[in-house]
Amino acid sequence: LWFRFTGQIDDHAIEFINLAGNQLGDPILVSEEDGITTKTYRLKTQFRGNFDFHDYPLDRQILPIQFRHRKLTNEQLIYVVDTRGMQQEQKTGREIAQQLENKKVFSIGGWQLNQVQFFQDTKKNDSTLGIPRLFKEPQHIEYSQLNVAIKIERHLMNFMLKNLLTVFFLVIVGYLSFFIPISN
């Protein structure tokens, strides 16, 4: 994960909405070129998500990654997907997923990457900011937010071989055990 910007940004105020552990740590690389600062981070952690298992075992899930700045509003900071820096300028979500899968960047046993989407939106808050004169007129505050939606689907054949075939054999063995004669 990298951020490219001019001026100064408090990177410790970057908040991952659905991060299960700690927030963003220290950058592994900081470079400045032509007045543009680039801070690069290695992010290896767990994220939370709301998953739908109604179609199990034929389910498909979306793994979300979302972050925003806690202090800087949309007027001060807007996140933009760096398709040029990621070398993804003309690629579709399926092509990006295939590229990530080929490079073994992302792997979850029994699942395959289907599509990857990057998009920017805003998180809106209405607040009086604790100022008494604003109690009747809350301020509309917007924060830029970057989202990554990783769509995955279950490898059906692997699932059937590992789980359903085993259960089928156990049922057959259990059924055949009724035909074994008992000797005294």
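Is Phe179 buried or exposed, and what is its relative accessible area?

Reply: Phe179 is exposed, with a relative accessible area of 56%. The cut-offs are under 20% for buried and over 50% for exposed, with partly exposed in between (1.4 Å probe, protein chains only). The model is predicted: local features need pLDDT of at least 70, side-chain atom pairs count only at pLDDT 80 or more, and totals for chains, interfaces and linings use all residues. Residues are numbered from 1 along each chain as its sequence is written, and side-chain values use heavy atoms, with hydrogens and water left out.

The aromatic rings come next. A pair of aromatic rings is described by the distance of the centres and the angle of the planes. Here the rings of Phe, Tyr and Trp (its six-membered ring) pair if their centres lie within 6.5 Å; planes under 30 degrees apart count as stacked, over 60 as edge-to-face and the rest as tilted. Nine aromatic pairs are found in the whole structure. One of them joins Phe67 and Tyr79, edge-to-face, at 5.1 Å between centres and 80 degrees between planes. Phe67 sits in strand S5 (residues 60-69) and Tyr79 in the loop between S5 and helix H1 (93-102), twelve residues apart, and the pair links distant parts of the chain. Both Phe67 and Tyr79 are buried. Phe179 pairs with Tyr175: the ring centres are 5.3 Å apart and the planes at 70 degrees, so this pair is edge-to-face. Tyr175 is partly exposed at 49% relative accessible area. Phe67 and Tyr79 also belong to one aromatic cluster with Phe3, Phe16, Tyr41 and Phe47.

Ser177 lies in the segment after helix H2 (156-176). Ser177 is partly exposed, at 39% relative accessibility, and its C-alpha atom is 17 Å from that of Thr166, eleven residues away along the chain. Leu156 is in helix H2 and is partly exposed at 33%. Leu156 touches Pro57 and Leu58, leaving aside residues up to four places away in sequence; contact means heavy atoms within 4.5 Å. From Leu156 to Leu19 the C-alpha distance is 29 Å, over 137 residues of sequence.

The fold has two helices and seven strands, in the order β-β-β-β-β-α-β-β-α from the N terminus. Helices (H or I, at least four residues) and strands (E, at least two) are DSSP runs numbered from the N terminus. The radius of gyration is 24 Å, well over the 16 Å that the globule rule gives for 184 residues, so the protein is more spread out than a compact globule. That radius is taken over C-alpha atoms, and the rule is 2.2 Å times the number of residues to the power 0.38. The C-alpha trace spans about 90 × 45 × 30 Å along its principal axes. Buried residues make up 26% of the 184. Of the contacts with a separation of 6 or more, 65% come from residues 24 or more positions apart.

One backbone detail remains. Most residues other than glycine have a negative phi. Asp34, not a glycine, has a positive phi of about 55 degrees. Asp34 lies in the loop between strand S3 (29-33) and strand S4 (36-40), and is exposed at 76% relative accessibility.
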